[in-house]
Each structure stands twice: as structure tokens, then as C-alpha cells.
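Reader: I'd like to go through this one with you and ask where each label comes from. Can we put it on screen and start?

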Amino acid sequence: MEPQIQLGWKAGPEQYPPNELLDYAVAAEQAGFDSLDVSDHFHPWSEAGQACFTWTWLGAAAVRTSRIALGTGVTCPILCYDPAMVAQMAATLGVMAPGRAFLCVGTGEALNEYAATGMWPGYQERQERLIEAIDLIRRLWTGEEVTHEGIYYETRKARLYTRPQQPIPLYVSTLVPDSAVFAGHCGDGLITTGGQPPEHYQQIVESFGRGARAEGKDPTTMPKLIELGVAYTNDEQAAIAARQKYWAGTYVPALFDQKIYTPAMSAKNGQAVGADTIKRSACISGNPDDHVQYAMRHLDLGFTTLFFHSAGPDQRAFLEGYGRDVLPRIRQEVQRCGLGGGQQGRQRGGKQQQQRQLAGAGAS
């Protein structure tokens, strides 16, 4: 069975204090968002930002909401966190938010891992650590005693005594097609970020499929999550300024593989990011048609969950406006097209995808 389409909100603790962000989570549920993902970072991307402890925040969000799915986007369970602790944190969230919790994992950034631990091994070791961590997390989620003597981690008769009745989906982060194969091997699905040309995501989805099939899994049944930059406003200048202030460093690929470990270093690299780069990587428009087209282009590519990330200037206005004007129209378009997340959905959406690529999507 193909995954159900989910329209979510990206919560940014890098930008907002935790209490304010919690109010926005409640507003997102009330506005009709299906899910949210929240960054799990030790440092923000710039000195202007915030950096609360995400798992404390998730516990509060779990009890302040009742319907919306929630999880991390993404957790690095290999250095700053021990994988056994991540297994326990996610299991507790699953108990507090039954059937609503998920966990996204990745190999991390020096901004968080090196800053907090003084360690930043090369990518190959970090990927090896992630493979071992995922295996250990899943074994602990069974509730059995786990004595693990691995290359990087050890446990002695470790057991989780508080576990949810429903399994927790574990999604693997991927930014490039090569790592998408790894996500297909190890994950229940994938999560990535927007802003790249369509062919980039076609390659990611295809590579993910190869990795999943090699493990005997059906990739058409597996969720594929993507975070998309948006601003539902006609004030383009203010929307761009908000992204430059808090998020500019994320537009520089070096942030994700080099030893850039302070917000000041991230912000310095982000000074090279101009308004045109931000405009190309997001949908900034006050016209709901532009946002519907932007969303549908990514659903046509095979993604099943879209997390809409608005950096401002007014987060509450975004949530209420998107819930009122945009989300219902996306759902109507999904129903009209008979669009699903798997291969059949992509085939049905192929003609619409070509039309949307030709038409563009406003400021995308």
C-alpha cells in the first residue's frame, strides 16, 4: 500500500525560543497540518538564533497536541547522543504521543557534534557508526535485553522498560543520491531538503529504491519526506531577510561536511548567500496557486510528506494562512490527480509534473 500524503510544518528551534515555538506547534495542529518535524541541534546556524533541547520540547509538544504526528528532522545518534539514549528518548515520545511519533536520523554536522564532543570523524566512519546505531536502536525497541559489543558502541543487558505499543518509523536523512542508497538499505523511509532541481530528486528517489529493493523492501510503500522552504507573503524582501538572518549558513554545502562548528563560522559562510539563491530555493509568494504548484511538483516526484518551512516574517500568520488557503487546495489537487507516493502515483502524476515544470511555481 502506498503511503498516505502528509502535509507538515517544519519547526525551527534555531530561530524561536521553546515556549513560543510550542505555541506555534499547537497553532499548526489547529490550522490543519498533519505532522511536524523539529530540528535536533546543539548550536543554531547563526549567533542571532536559539538552540533549545529538542527532546524536552517534543515531550511538551506531545501533551499540548492530540492529532499531529511529530518527530525530529534530524537526530544524529552517533556522537553527541549515545544510540541507546536515542532509543529511550524516541520510545518515551512514542508512549506520550501514541501512533504519532517518528525518528529521523543522519550523520550530523560539526556545528553540533564537534562543538559538543570534540569529535568529528570522516564521513565513512560516521556512516559506519550510524549503521551500528540504527541496528542497536531497533534491537532496543523490541523490549528484549540487549548486550551489544560493536565496533563503536556497547551495552550490557540494556532493556527499555517504557515502550510504545505501536512501532516507531525510522527515516534516514539523505542530501545526495549516493547516500540515498544507504537510506534505502537502513531506513523505513527517507528525509531530505528542498531547493534543488527536479532531476536531483529523481536520482535520490531512484537510488533510494535500489537500496530498498536490495534489502527485499518495496520502495513504493515507504514514506519519502522533504523539507521545503516557503513564505506565504507578498513581502519578498522581509521573507528573504528572515532566512538570511537565521538560516543563511544552511545554503552553503560545506556546513554539512566540513569542520564548521560555531554559529559565527556558519553565519560568516552564509554572508556569501544572496537574495537570488534564496529565491531560487523556496516558494515566496502571496498567491496560493504558486504554493499549490510548488507542493504538487514535489509530490509528483514521489515524495509523500512535505514539511513547509517558513522563516517568517510572521510565523503565526503563515500557519493560519497556509492552513486556510493552501493546504485544502493541495489536498483537493491530490485527490483530483489520484496521486500517491509510490511508482503508480508518479505515473499518474507524470503529465501534471511536466506541465508544472514548464509553468514554474512563482518564486521557487
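Predicted model: local features only at pLDDT ≥ 70, side-chain atom pairs only at ≥ 80, totals over all residues.

Reader: Now Thr233. Where is Thr233 found, and why is Thr233 called buried?

Author: Thr233 sits in the loop between β9 (224–232) and α8 (236–247). Its relative accessible area is 18%, and buried means under 20%, so Thr233 counts as buried.

Reader: Which residues is Thr233 in contact with, leaving aside neighbours within four places in sequence?

Author: Those are Ala239, Ile284, Ser285, Gly286 and Pro313.

Reader: On to the rings. How many aromatic pairs does a search of the whole structure find?

Author: The search turns up 12 aromatic pairs. One of them is Phe33 with Phe318.

Reader: Why is the pair of Phe33 and Phe318 called tilted?

Author: Their centres are 6.3 Å apart, and the pairing limit is within 6.5 Å, so they qualify as a pair. The planes meet at 45 degrees; stacked needs under 30 and edge-to-face over 60, so this pair is tilted.

Reader: How do you know whether Phe33 and Phe318 are buried or exposed?

Author: Phe33 has 0% relative accessibility and Phe318 has a relative accessible area of 3%. Buried means under 20%, so both are buried.

Reader: What about Phe318 and Tyr322: stacked, edge-to-face or tilted?

Author: Tilted, with 4.7 Å centre to centre and 40 degrees between the planes. The two are four residues apart in helix α12, which means about one helical turn separates them. Tyr322 is buried, as is Phe318.

Reader: Which residues do ring pairs link into a cluster with Phe318?

Author: Phe33, Tyr232, Phe308 and Tyr322 join Phe318 in that cluster.

Reader: Last one: what lies over the face of Trp120?

Author: Arg126 does, at 3.9 Å from the ring centre; the cut-off for a charge over a ring is within 6 Å.

Conventions. Residues numbered from 1 in each chain as written. Heavy atoms only, no water. Buried < 20%, exposed > 50% of the residue type's maximum accessible area, 1.4 Å probe, protein only. Contact = heavy atoms within 4.5 Å. Phe/Tyr/Trp six-rings, centres within 6.5 Å; stacked < 30°, edge-to-face > 60°. Lys NZ or Arg CZ within 6 Å of the ring centre and 35° of its normal.
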